[in-house]
Amino acid sequence: MLSGVVPSELGSLQQLQELWLNSNILSGVVPSQLGSLQQLYYLYLYNNKLSGVVPSELGSLQQLRLLSLSSNMLSGVVPSELGSLQQLTRLNLRDNMLSGVVPSELGSVQQLRDLYLYNNMLSGVVPSELGSLQQLQDLWLYNNLLTGTVPTVATDCRLYSDDGPDRNCFAGCASPCDCDDTNKCAPLPATTTATLSISPTTTTTTTPKPTPVPPTPSPTPLPTPKPTPKPTPKPTPNPTPDSSEPCSSFT
C-alpha cells in the first residue's frame, strides 16, 4: 500500500494515458501539474487521504474520460473549469468536503453519463443546465445542502439518502426519489433497486415536526352562591276578642 504524496513530476509524462493510484494511503494535495497530461484518459485517485482542493488545471485534460477523486478529504469548490472536459463520461467527487455550488458549466459536458457529488457540503440549487445532458444516466446528489427544484435529467437520480437523515431539501420531493417529467420528484417504485451502494430526510428528510401541545384548558369558574334571603317576619296579629267570651273579660 503506497504512502507519501502524489509526485508533481508525474506531470512530465506527456504520453501517459492512465493513472491509477486509488485505494492507497497517499496524502498531500492533488498536483496541479497533472493538468499537463494531454493524453490522459483515466485519472483514478479515489480512496486515499488527499486534501486541499480539486485543481482547476484538470479542466485542461481534453482527452479525459474518467475522473475519480472520491473518498478523500478534498475541500473547496467544484471547479467550473471541469465543464471544458468534453470527452468526460464519469465525474466522481463523492465523499469529500466540497462546498459551494454545483457549477452550471457541467451542463456543457455532453458526453457525461455519471455524475456523483453526494456526501459533500454543496449548497444552492441544481443548475438547470444539467437538463441538457442527454447522455446522463446517474445523477447522485444526496446528503448535501441543496435546495430548489430538480431539472429533468437522469434515469437514476438520487437526491436523498437511504441510510438516515439527509440535508438536502428539494421542492416537491419524497425520500428516496427519482426524477419525473415535471422537474420535481416522484417516489421510487418499490421494486427499484440501487445499481450502486448508496446510502436519504425529512423524514423526507427534514426535521420532524414537533407534536403540538394541546392548549391548557381554562379553569371553569366556580358559581358564586346566591345569598339566602332572610325571611321577613310576619307581624303578630293583635288578638281579636272572641265573641264567645263574656265582655267582662276585657275589663
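Is D114 buried or exposed in this structure? At 7% relative accessibility, D114 counts as buried; that word means under 20% relative accessible area, while exposed means over 50% and partly exposed lies in between (1.4 Å probe, protein chains only). This is a predicted model, where local features need pLDDT of at least 70, side-chain atom pairs count only at pLDDT 80 or more, and totals for chains, interfaces and linings use all residues. Residues are numbered from 1 along each chain as its sequence is written, and side-chain values use heavy atoms, with hydrogens and water left out.

**Overall make-up**

- The protein chain has zero helices and twelve strands. Helices (H or I, at least four residues) and strands (E, at least two) are DSSP runs, numbered from the N terminus.
- Starting at the N terminus, the elements read β-β-β-β-β-β-β-β-β-β-β-β.
- The chain holds 251 residues, and 38% of them count as buried.
- Its accessible surface is about 14200 Å², with 56% belonging to carbon and sulfur atoms. Such areas come from the Shrake-Rupley method with a 1.4 Å probe; for residues, only the protein chains shown count as cover.

**Confidence**

- The mean pLDDT of the protein chain is 78, and 63% of its residues reach 70 or more. pLDDT is the predictor's confidence in each residue, from 0 to 100.
- Residues 174–206 have pLDDT below 50, yet this stretch has 93 contacts in the model beyond near neighbours in sequence. Contact means heavy atoms within 4.5 Å.
- Over residues 239–251 pLDDT also stays under 50, and here the model has two contacts beyond four places in sequence.
- Where pLDDT is low, the predicted coordinates should not be read in detail.

**Nonpolar core**

- The largest nonpolar core has 43 residues. Such a core is a set of buried Ala, Val, Leu, Ile, Met, Phe, Trp, Tyr and Cys residues joined through side-chain atoms within 4.5 Å.
- The residues with the most contacts inside this core are L34, L43, L58, L67, L82, L91 and L115.
- L43 is in contact with L19, L34, L58, L64, L66, L67 and S68, leaving aside neighbours within four places in sequence.

**Salt bridges**

- The structure holds two salt bridges. Each is a side-chain nitrogen of Lys or Arg within 4 Å of a carboxyl oxygen of Asp or Glu.
- Side chains of opposite charge can pair when their charged atoms come close.
- D114 pairs with R90, and their closest N and O atoms are 3.1 Å apart. This pair links distant parts of the chain, with D114 in strand β5 and R90 in strand β4, 24 residues apart.
- R90 is partly exposed, with a relative accessible area of 32%, whereas D114 is buried.
- D95 forms a salt bridge with R94, the closest N and O atoms lying 2.4 Å apart.

**Two buried residues**

- N92 is found in strand β4. N92 is buried, at a relative accessible area of 9%.
- Not counting residues up to four places away in sequence, N92 touches L67, S68, L69, S70 and Y116.
- V78 lies in the loop between β3 and β4. V78 is buried too, with a relative accessible area of 4%.
- V78 touches L93, L98, S99, P103 and L122, again not counting residues up to four places away in sequence.
- The C-alpha atoms of V78 and P55 are separated by 9.1 Å, and the two residues are 23 residues apart along the chain.

**Positive phi**

- Most residues other than glycine have a negative phi.
- N47 has a positive phi of about 60 degrees although it is not a glycine. N47 is in the loop between β2 (42–44) and β3 (66–68), and at 38% relative accessibility N47 counts as partly exposed.
- S71, also not a glycine, has a positive phi of about 55 degrees. S71 sits in the loop between β3 and β4 (90–92), and at 22% relative accessibility S71 counts as partly exposed.

**Nonpolar surface patch**

- M73, M97, M121 and L145 make a nonpolar surface patch of about 340 Å². Patches are made of residues with over 30% relative accessible area and no salt bridge: like charges are joined within 9 Å, nonpolar side chains (Val, Leu, Ile, Met, Phe, Trp, Tyr) within 5 Å.
- M121 is in the loop between β5 (114–116) and β6 (123–125). M121 is partly exposed, with a relative accessible area of 37%.
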